[in-house]
Amino acid sequence: MVTKEVLAEALGKTLSETDFSSGLGPLQRGKVRDSYVAKGKRYIVTTDRISAFDRVLGTLPLKGQVLNRVAAFWFDKTSSLVSNHVLEVPDPQVMTVEDCEPLPVEMVVRAYLTGSTSTSIWTHYEKGVRMFCGNVLPDHMRKHQKLASPILTPSTKAEQGEHDLSVSREEILAMGRMSAADFDTIAQMSFALFEAGQKHCAQNGLILVDTKYEFGRTKDGRIVVIDEVHTPDSSRFWMEGSYEAALSGGKDPQGLDKEYVRTWLKSERGFSGDGPIPFIPDEIKIEAAARYIRACEQVTGEPFTPDLTEPIGRIRRNLGLG
Ligand SMILES: Nc1ncnc2c1ncn2[C@@H]1O[C@H](COP(=O)(O)OP(=O)(O)OP(=O)(O)O)[C@@H](O)[C@H]1O
Ligand SMILES: [Mg+2]
């Protein structure tokens, strides 16, 4: 078990940024991942950075290792269902993958009416919206209620500093950035992944509430799922045992994902993405990390064993960078 003491120790050793450009070529920095394209492959380093409301807020202990582990688990579990970009996992925080051309849309699949931010589906529903990216929802639904069946609410991949925009299939096709055949392929892949995820989570005491997938085209023209699958950054997970009572009592189910951080920022600091980044106290970071680890353990069915060696040197060694 990863104790609070271990998390407190890891707090002082988080991996915030990397620079392996001398060995691996130019660095591409996302909010969470640092990537390098070298030797015909893409090296993705999942750092410990945490982003919320499209802003980077600092780091969480062990977060990169947890995300890499969870994503590797799902990529492996679903590989016969949907092809993915993974080549190898050479380090607890690194994946080597096929370098792809990302398709310009994020595929969001939702099974529950939930969320707390201004862009969330529940916030819009509560204000009277019933049409979500071409899906019509009935009246009289409650917060956190399960939808009759999962819905797809795609969003465009925004440029850096911009927010993603929800769009329907028709709107995406009208933008002319993707063919109908490609869109329908990744829609079908998204539902297949989501169904597999829901089923596995249900067997492990978890609810897969919603998630986001990204797809890319390989050099030889295949479409594969890229980035990450069913991690606590890209998905919401609820503890199954907390759901019924929460729904009937008008409370929030126990979540093992980024929503904990979003809710804290919003309710305790009034922060929803604009203005200066609030300071996040250590105990909030430790609780958030503990939830990520719990999600990892429930998903993989194994205890999470962190590697507490200094990450930069370890990654260098594992990638043979000397
Ligand atoms: N196999 C791949 N080929 C090419 N690009 C990839 C591949 N896998 C992931 N990516 C891209 O690498 C980046 C990963 O960085 P990160 O997850 O930090 O992204 P971000 O877009 O800044 O943040 P967010 O996930 O919050 O939108 C993303 O832009 C993703 O599309
Ligand atoms: Mg990402």
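Visitor: What volume does the largest cavity have?

Guide: As a general idea, rolling a probe the size of a water molecule over the atoms shows where empty space is left. On a 1 Å grid over the protein atoms alone, a cavity is a set of points where a 1.4 Å probe fits but cannot get out, and lining residues have an atom within 4 Å of a point. Grid points are joined across faces, edges and corners, and a volume is the space filled by probe spheres set on the points. In this predicted model, the largest cavity has a volume of about 100 Å³. The structure holds 3 cavities of 30 Å³ or more.

Guide: Some conventions apply throughout. This is a predicted model, in which local features need pLDDT of at least 70 and side-chain atom pairs count only at pLDDT 80 or more, whereas totals for chains, interfaces and linings use all residues. Residues are numbered from 1 along each chain as its sequence is written, chains are lettered from A and ligands numbered from 1 in the order in which they are written, and side-chain values use heavy atoms, with hydrogens and water left out.

Visitor: Which residues line the largest cavity?

Guide: Among them are Ala10, Lys13, Thr14, Asp48, Leu62 and Arg314. For the classes, Ala, Val, Leu, Ile, Met, Phe, Trp, Tyr, Cys and Pro count as nonpolar, Asp, Glu, Lys and Arg as charged, and the others, Gly among them, as polar. The lining of the largest cavity divides into 4 nonpolar, 4 polar and 4 charged residues.

Visitor: Which elements give two or more residues to the lining of the second largest cavity?

Guide: Helices (H or I, at least four residues) and strands (E, at least two) are DSSP runs, numbered from the N terminus. The second largest cavity, with a volume of about 60 Å³, receives two or more lining residues from S3 and from helix H3 (63–78). H3 gives the most, with 3 residues. The lining includes Arg33, Ile44, Leu67 and Met95.

Visitor: How is a pocket to be read, and what is the volume of the second largest pocket?

Guide: A pocket is an open set of points with protein on both sides within 12 Å along at least five of seven lines. The second largest pocket has a volume of about 240 Å³. Of its 16 lining residues, Trp238, Asp252, Pro253, Glu259 and Thr263 are the closest to its centre. Helix H8 (259–269) and strand S17 (235–239) each supply at least two residues of this lining, and H8 gives the most, with 3. By class, the lining has 3 nonpolar, 7 polar and 6 charged residues.

Visitor: Which residues come nearest to ligand 1?

Guide: A residue is near a molecule if one of its heavy atoms lies within 4 Å of it. Of the 18 residues around ligand 1, Lys31, Val32, Arg33, His85 and Glu214 come nearest. The shell divides into 6 nonpolar, 2 polar and 10 charged residues.

Visitor: How far is glutamate 214 from an oxygen atom of ligand 1?

Guide: A polar contact is a pair of N or O atoms within 3.5 Å. A side-chain N or O atom of glutamate 214 is 2.6 Å from an oxygen atom of ligand 1, and one of lysine 157 is 3.4 Å from an oxygen atom of ligand 1.

How values were computed
Polar contact = N/O pair within 3.5 Å; in protein donor to acceptor, adjacent residues only side chain to side chain.
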